[in-house]
Amino acid sequence: MIGKRHQIDGWLVIDKPYDVGSTNVVSKIKWSLSPSKIGHAGTLDPLATGVLPIALGRATKLIPYVMDGSKTYEFQVSWGCETDTDDVAGQVVQRSDNRPTKDDIVSVLSDFTGVIEQMPPAYSALKINGRRAYDLARSGEAVSLKARPVRIEALELLRYSQDSADFRVVCGKGTYVRSLGRDIGRKLGCLGYITALRRVSCGPFSLQDSVPLSLFDVKQTAENIKMIPFESAASVLPALVVSENIAWRLSMGQRVRIQEVIDSSAFPSDAVVRLMFDNRLIGLGRVERGIVHPYRMFHE
């Protein structure tokens, strides 16, 4: 028999441990807290650690806005090899005796900032004709992926040694750090693969917000856990403060003219906004051609 589910609204930021999948994290928290709804924002590979935001209840409606935000990773690239997975879990497919100097590495970092073209790893969750690329790769089938643009906001060298280097990258949605490490190695002519990867921030959440997964080894209640308010993920969106009457109309699915709310000249003509009433987030709206469309409304 399915146990009772609890209405829990908020975010948990898990410091995901090594060799645990993102779906395993969700399953463990689901068992421990029994929330009515649960999901995660931004998958981490089992070999990666760090910030994994977990959305509970009404927070699940805000997952896309966390996933669209910038992410920060710290990662290590070891030189001299390339693997079929672009990380330490794969089989070596190429070797090189070349090793870069510190100056060599610093000199190429600017080539990997801004909007760049990136080829995703063959072992990725991207779909090809309805099948995951990693399923095709594991079955020995050819994987044909296309390069795509990604945004690298910042890339810096943290530590250097002859055989490896540590980096920090701030990047946009869809960036593969494994591909970044591989491509840096190719640019330097020494080959490289990821040997450590840690996400230190994801959208508005950071390691300072995190709790260990081990807290959920036993049954828990929300009152015992460090929970972040569900509306915090919407803080990056412009706020549209509405009256009680407008709030009611939007909650009923009605559209309203932006002029009924504010001076439209002071507001973006096309935007996703957070709808605020009585200092509370009541939903999200889309402003299109001067009309506010209720998009995702949060009912008590």
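Visitor: Which ring does the charged end of Arg286 sit over?
Guide: Keep in mind that this is a predicted model. The charged end of Arg286 sits over the ring of Tyr295, 4.2 Å from its centre.

Visitor: OK, and how many aromatic pairs does the count come to?
Guide: The count comes to 3 aromatic pairs. One of them is Trp11 with Phe205, a tilted pair at 5.2 Å centre to centre, with 45 degrees between the planes.

Visitor: Where do Trp11 and Phe205 lie?
Guide: Trp11 is in strand 1 and Phe205 in strand 13, so the pair ties together parts that are 194 residues apart in sequence. Trp11 is buried at 0% relative accessible area, and Phe205 is buried too, at 2%.

Visitor: What about Phe230 and Phe298, how are their planes set?
Guide: Their planes are at 85 degrees, with the centres 5.2 Å apart, so that pair is edge-to-face. Phe230 sits in the loop between strand 14 and strand 15, while Phe298 is in the segment after strand 19, 68 residues apart. Phe230 is buried at 7% relative accessible area, and Phe298 is buried at 6%.

Visitor: Switching topic: which residues of helix 6 are buried?
Guide: Ile246, Ala247, Arg249 and Leu250. Down the helix axis, the buried residues of helix 6 fall within an arc of 165 degrees, so they line one face.

Visitor: And what covers them?
Guide: The cover includes strands 16, 17, 18 and 19.

Visitor: What happens just after helix 6?
Guide: Gly253 takes a positive phi there, about 90 degrees.

Definitions and conventions: Residues are numbered from 1 along each chain as its sequence is written. This is a predicted model: local features need pLDDT of at least 70, side-chain atom pairs count only at pLDDT 80 or more; totals for chains, interfaces and linings use all residues. Side-chain values use heavy atoms; hydrogens and water are left out. Buried means under 20% relative accessible area, exposed over 50%, partly exposed in between (1.4 Å probe, protein chains only). Helices (H or I, at least four residues) and strands (E, at least two) are DSSP runs, numbered from the N terminus. The arc is that of the directions from the helix axis to the C-beta atoms. Contact means heavy atoms within 4.5 Å. Rings of Phe, Tyr and Trp (its six-membered ring) pair if their centres lie within 6.5 Å; planes under 30 degrees apart count as stacked, over 60 as edge-to-face and the rest as tilted. A charge sits over a ring if NZ of Lys or CZ of Arg is within 6 Å of the ring centre and within 35 degrees of the ring normal.
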